Amino acid sequence: MPVTRPVALFNEEAAEWPHFAPHLRAAFAAAGLDVELRERFDGRPVDYLIHGPNGPEQNFARLPGLKAVLNLWAGVERVVTNPTLTVPLTRMVDPGMTEGMAEYVAAHVLRFHVGTDRHVLGQDGLWRPETPPLARDRPVGVLGLGVLGAATARMLAVLGFPVTGWSRRPATVPGVTCLGGAEGLRAVLSQAQIVVLLVPLTPDTANLLNAERLGWLPRGAAIVNPGRGGLIDDDALLAALDSGQVGHATLDVFRTEPLPPDHPFWAHPRVTVTPHIASVTRPESASRVIAENIRRAEAGEPLLHLVDRGAGY
Ligand code: NAP
């Protein structure tokens, strides 16, 4: 009987193909896999979809023979809600992406903490000495203690911040106080001078930071949101920024992306907008994760990083 090669279809924006294709081929070879990698769908059967939310194929029912959708992004809110998804879905857990996220958050937390902007943006000839507190006196809250949240919380703890994290199920992260539940959320927010959002967007976390919960923060607290735009009620945030309840918000993700040029976040003096770059999937390390999952699927082994569709992440 002829041995058929498994087929993997690359389904992300066309501009990403040259960045990923050589690394995917190298990773398949390193994993001992003979995979046919296709650049676009041509009607023939496909075993594995290497999937991005901006890829051309969003109707999975069109793909005959599909065995699994291997997401290139960590966030899966647009895939789990796709009604044509009937096969296992994995999300991306990429060591490069994890490192990048911890670095992004550390940079923006330190910027607020030491008051970088006051000095970097105010070179006007006036001598205004101001001493920030030490990190040990600046409590930080990290909402979400998964792959990215735990790594980020650990990095912040190493920098000296007292870090309290919050997750759905009980968590243990070295150097981090870990809480859960509604009471835990209130406890984290009530003392966090800086709060970082790294929960996924699900029905349970939509509008997590609403007007009431923004009011639990100590006055003047900073928010760093590399999670998802829908985690924050935009109008409530703008009101809290205007009143001074929130001192600064660094936002990487938005309900509409790209953020429309006339959105009030762009012009708000207390908002920093970054264009969903907190941490991207790194083609080389991510390709190894994709290859390992195809190897597992072909060997009948359980897939890594399977999405719990009931929980939505
Ligand atoms: P993950 O490993 O799945 O971790 C998610 C964390 O959130 C877990 O600790 C989970 O709790 C917690 N959580 C989920 N629902 C919750 C709820 N209802 N209440 C309390 N905690 C809840 O995800 P990840 O890989 O760390 O990624 C987190 C998110 O970052 C992604 O979903 C994506 O939206 C975002 N992201 C953004 C960028 C960017 O560039 N801006 C890049 C990558 C990812 P349990 O531990 O109990 O499950």
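Mentor: Happy to! Ile194 stands opposite Ala222 in β10. Three bridges join β9 (residues 194-197) to β10 (residues 221-225), and these two strands run parallel. Strands here are DSSP E runs of at least two residues, helices are H or I runs of at least four, and both are numbered from the N terminus; strands pair if DSSP finds at least two bridges between them.

Keep in mind that this is a predicted model, where local features need pLDDT of at least 70 and side-chain atom pairs count only at pLDDT 80 or more, while totals for chains, interfaces and linings use all residues. Numbering starts from 1 along each chain as its sequence is written, and side-chain values use heavy atoms, leaving out hydrogens and water.

Now widen the view: β9 and β10 belong to an open sheet of seven strands, ordered β8-β7-β6-β9-β10-β11-β12, with parallel pairing. β8 (176-180) and β12 (271-273) are the edge strands, each pairing on one side only. From one strand to the next, the twist averages 15°.

Helix α5 packs on this sheet, touching β6 (140-143), β7, β8 and β9 (heavy atoms within 4.5 Å). Its direction makes about 170° with that of β6, where axes are lines fitted to C-alpha atoms, for helices over the stretch in contact, and angles run from 0 to 180 degrees between N-to-C directions.
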